[in-house]
Amino acid sequence: MQSQDINSSKPQDENIVKNKELNIWEALIPVFALVGMLAYNVFVYGDDALSGSNQFILLMGAAVAAIVGVFNKVSYDQMLAEVAENVKSTTGALLILLMVGALSGTWLISGIIPSMIYYGLQVLNPTIFLAACVIICAVISVATGSSWTTSATVGIALIGIGDTLGIPLGMTAGAILSGAYFGDKMSPLSDTTNLAPAMAGGELFSHIKYMSITTVPTICVTLVVFIIMGFSLDTSGTADTQSILNSIDNTFNINGWLFLVPVAVILLILKKAPPLLALLIGTLLGGVFALIFQPEIVMGITEATEMSFEAGYKGIMNAITVDTNIATENEALNDLFSSKGMAGMLGTIWLIVCAMVFGGIMDGIGALSRISSALLNMAKSTFSLFASTVASCLALNVTASDQYLAIVVPGKMFAKAYSDKGLAPENLSRTLEDSGTVTSVLIPWNTCGAYHSGVLGVSVAEYFFYAIFNWLSPFMTLLFAALRIKIKQLATPETV
């Protein structure tokens with residue numbers, strides 16, 4: 001999902017805690033409790049649930065898991081150690097979230113995002129926009145190996161273009177994520193694409209080739225659906241595009257040179273620079289370009305009467321850290337041209353930390369291992385083995401709140417079962433990606449769901465249905481398993 005340098009620890013070295021004292025029903029108690037509490041909380045708070053109450057509900061779920069652990073002879077120290085390990089594994093992701101907030105601030109006041117929207121409005125029309133989002137994000141994600149980087153760069157610009165075209169934000173976000181996760185899955189630079197075959201005992205490029213059997217049909221179906229959506233969109237609200245362009249042009253100094261900054265960030269990622277470094281450089285370059293191309297806006301943020309070093313410094317720092325709002329002649333653009341900086345990412349960081357507490361306690365008491373083992377025991381046929389793997393990945397994405405655990409735990413638990421049935425490791429690695437990697441973004445409290453929702457400014461509930469590639473992938477892998485299409489067998493001495 002993220003590129004190789006985001007996690008300092010190696011997911012494949014994750015220790016899976018087992019607890020013979022714990023039975024399956026006890027392992028599921030915290031899950032049922034969490035789902036029930038979250039459902040009621042969302043019913044009460046609606047869209048405001050992610051403002052803090054859901055975070056506390058995750059801690060309450062962790063408390064229920066801890067009580068189950070105490071009754072099953074798990075020490076407080078062991079549970080706390082697993083929580084610490086879980087939180088530590090998200091260090092890179094949390095820092096990246098802060099840096100994305102900073103980058104969005106300087107890219108706004110420098111005119112980079114407005115320029116992308118300005119030129120995008122002239123090239124992309126509502127009919128082809130959604131399909132174009134899928135293709136653009138797929139290309140960027142294949143090149144960078146990171147859906148996270150794709151969302152933080154072109155994703156933000158595409159959300160703005162879609163908004164001005166009158167396209168629902170959920171649709172645009174779903175198209176962005178569909179393309180980003182296709183590219184992420186198929187890129188040899190992606191850490192999850194490397195992790196899945198490592199867990200299954202396969203080889204990287206054999207895994208990618210075998211994964212294309214289910215992934216290519218899924219992205220084709222996704223594109224067809226978005227093309228149909230494009231033709232069926234009501235474009236009555238997009239006739240006033242020229243006035244929007246005029247408002248952007250009158251507010252910002254629109255200049256092609258501004259594109260040097262996003263190009264530099266993408267080149268750094270392609271050169272395998274650490275994502276944090278690439279985003280930091282992008283943030284600083286955005287600040288420099290703001291001083292060069294948009295000095296009036298920088299002064300306006302600080303209410304300075306003339307440009308000075310102090311006014312420039314304060315304007316850039318405000319954009320990086322706190323709310324920034326740029327008024328235009330067009331009311332519809334005022335909400336679009338606003339950024340919350342690093343402070344705007346604190347709610348998402350809060351959510352991730354609380355989710356990691358719940359996942360850590362669940363792992364510490366042995367519940368994750370017990371749930372996966374129970375699913376494995378249900379696998380009597382080849383199809384049921386695939387189905388159990390899918391169910392295990394989905395369950396881990398919900399309970400552990402982490403994409404890596406959704407690959408590592410089922411990968412370690414199911415590897416021998418696939419081998420015993422004479423199935424090549426590519427079957428397992430493909431299923432791990434088709435169900436573990438792509439569905440993580442569909443869970444609001446999962447690190448991926450929280451990240452993309454925070455970066456794009458669109459709730460998971462809004463984009464869930466439109467993230468077609470993500471929820472269709474598990475069904476596609478099960479369909480191929482049920483019809484026994486391209487189920488690779490282990491090589492025998494006679495076939496070697």
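User: In which element is Val 408 found?
Analyst: This is a predicted model, in which local features need pLDDT of at least 70 and side-chain atom pairs count only at pLDDT 80 or more, while totals for chains, interfaces and linings use all residues. Residues are numbered from 1 along each chain as its sequence is written, and side-chain values use heavy atoms, with hydrogens and water left out. Helices (H or I, at least four residues) and strands (E, at least two) are DSSP runs numbered from the N terminus. On that basis, Val 408 is found in helix 20.

User: Is Val 408 buried or exposed, and how far is its C-alpha atom from that of Met 199?
Analyst: Buried means under 20% relative accessible area, exposed means over 50%, and partly exposed lies in between (1.4 Å probe, protein chains only). Val 408 has a relative accessible area of 1% and is therefore buried. Val 408 and Met 199 are 209 residues apart along the chain, and their C-alpha atoms are separated by 6.3 Å.

User: Against which helices do the buried residues of helix 18 pack?
Analyst: Helix 18 covers residues 367-377, and its buried residues are Ala 367, Leu 368, Ser 369, Ile 371, Ser 372, Ser 373 and Leu 375. These buried residues pack against helix 1 (24-45), helix 17 (346-364), helix 19 (382-399) and helix 20 (403-420).

User: How are helix 7 and helix 8 oriented to each other?
Analyst: Axes are lines fitted to C-alpha atoms, for helices over the stretch in contact, and angles run from 0 to 180 degrees between N-to-C directions. The axes of helix 7 (residues 147-164) and helix 8 (residues 169-186) come within 10 Å and cross at roughly 150°. Angles under 35 degrees count as roughly parallel, over 145 as roughly antiparallel, 65 to 115 as roughly perpendicular and the rest as oblique. Helix 7 and helix 8 are therefore roughly antiparallel.

User: How do the residues of the contact of helix 7 with helix 8 divide by class?
Analyst: Contact means heavy atoms within 4.5 Å. Ala, Val, Leu, Ile, Met, Phe, Trp, Tyr, Cys and Pro count as nonpolar, Asp, Glu, Lys and Arg as charged, and the others, Gly among them, as polar. The residues of the contact of helix 7 with helix 8 divide into 8 nonpolar, 6 polar and 2 charged.

User: What is the class make-up of the contact of helix 17 with helix 22?
Analyst: The axes of helix 17 and helix 22 (residues 447-456) come within 9 Å and cross at roughly 175°. That angle makes helix 17 roughly antiparallel to helix 22. Thr 348, Leu 351, Ile 352 and Met 356 in helix 17 meet Thr 447, Ala 450, Tyr 451 and Gly 454 in helix 22. By class, this contact has 5 nonpolar, 3 polar and no charged residues.

User: Is the crossing of helix 10 and helix 21 left-handed or right-handed?
Analyst: The axes of helix 10 (residues 204-232) and helix 21 (residues 425-437) come within 9 Å and cross at roughly 55°. The two helices, helix 10 and helix 21, are therefore oblique to each other. A crossing is left-handed if the near helix is turned anticlockwise from the far one by less than a right angle, and right-handed if clockwise. The crossing of helix 10 and helix 21 is right-handed.

User: With which residues is Ile 487 in contact, leaving aside its neighbours within four places in sequence?
Analyst: Ile 487 lies in the segment after helix 24. With a relative accessible area of 12%, Ile 487 is buried. Leaving aside neighbours within four places in sequence, Ile 487 is in contact with Tyr 210, Phe 386, Leu 423, Asn 427, Arg 430, Phe 480 and Ala 481.

User: What is the phi of Lys 486?
Analyst: Most residues other than glycine have a negative phi. Lys 486 lies in the segment after helix 24 and, at 55% relative accessibility, counts as exposed. Although Lys 486 is not a glycine, its phi is positive, at about 55°.
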